[in-house]
Amino acid sequence: MSQPPPTSAFAPTPDPLTPDRDITHAHFQPGDTVVVLKGISGGELWGDAMRVVAPSWHTPTDEDGWRLRDSTGGTQSYVTGHPRYLVHLSRRCPDCLIYLRAMEDALLLRYADRNELIDCGWYTITALNQLLHIADIQGSR
Ligand SMILES: [Zn+2]
C-alpha cells in the first residue's frame with residue numbers, strides 16, 4: 001500500500017499535542033518499547049509499536065533522535081524518529097501516560113461515532129528513513 005502524496009487538498013486532522021510536546025532525548029533508552037501514535041481505531045488510539053535501538057541523528061529537525069525498529073515495517077524496518085514522536089509502552093511512565101491521556105481526550109471525542117481505522121496523516125518517512133511529523137515538515141509555524 002502506498003502513501004497518498006501530500007497535496008494542498010490533503011487536510012489531516014491537526015495533531016493537538018505532539019508538535020509542542022516537551023520530552024528529552026534521554027527519556028528513552030535502547031530496548032524500550034514505544035508507540036508512534038497515528039490515529040484512531042475502534043474507539044482507541046492507534047499507532048505503530050517499535051523498539052528503541054540506538055541514538056541516531058534526526059536530520060529533518062537537526063536534533064538528537066532515536067533509531068527505531070518496526071518489526072512490521074518491511075523495507076522500512078529501521079527509521080529514525082524524534083523523541084517527541086515516541087510514547088512508552090514497555091513501562092508505566094507518568095510523562096508518557098499524561099500525553100497518551102491528553103491525546104485520547106482530544107481525539108476520541110472527535111471520532112466517537114467512527115469505528116473504522118482512521119489514519120490522521122501526521123507522519124511520513126523520508127527517503128533517508130527518517131520518520132517525520134507533518135508539523136516538522138512545515139518548519140517554524
Ligand atoms: Zn515515557
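Me: Hi! In what order do the elements run from the N terminus on?
Reply: In this predicted model, the order is β-β-β-β-β-α-β-β-β-α. That gives two helices and eight strands in the protein.

Me: Nice. And which residues have the most contacts inside the largest nonpolar core?
Reply: Those are V34, V36, L86, V87 and L131, in a core of 21 residues.

Me: Which elements each supply at least two residues of this core?
Reply: β1 (33-41), β2 (44-58), β3 (63-69), α1 (94-108) and β8 (131-133) each do.

Me: Let's zoom in on V34. What does V34 touch, not counting residues up to four places away in sequence?
Reply: Leaving those out, V34 touches F28, M50, V52, L86, V87, H88 and L89. Two of the names there, L86 and V87, are also listed with V34 among the residues with the most contacts inside the core.

Me: How much of the protein is buried?
Reply: Buried residues make up 25% of the 141 residues.

Me: Switching topic: what is phi of D62 near, and where does D62 lie?
Reply: Phi of D62 is near 60°, a positive value in a residue other than glycine. D62 lies in the loop between β2 and β3.

Me: Is D62 buried or exposed, and why?
Reply: D62 counts as exposed because it has 8 C-beta neighbours inside 10 Å, and the cut-off for exposed is 12 or fewer.

Me: What about N129: where is it found?
Reply: N129 is in the loop between β7 (123-125) and β8. N129 also has a positive phi, about 60°, although it is not a glycine. With 17 C-beta neighbours inside 10 Å, N129 counts as partly exposed.

How values were computed. Residues numbered from 1 in each chain as written. Predicted model: local features only at pLDDT ≥ 70, side-chain atom pairs only at ≥ 80, totals over all residues. Core = buried A, V, L, I, M, F, W, Y, C linked by C-beta atoms within 7 Å. Buried ≥ 20, exposed ≤ 12 C-beta atoms within 10 Å, placed from the backbone. Helix = DSSP H or I, 4+ residues; strand = E, 2+ residues; numbered from the N terminus. Contact = placed C-beta atoms within 7 Å.
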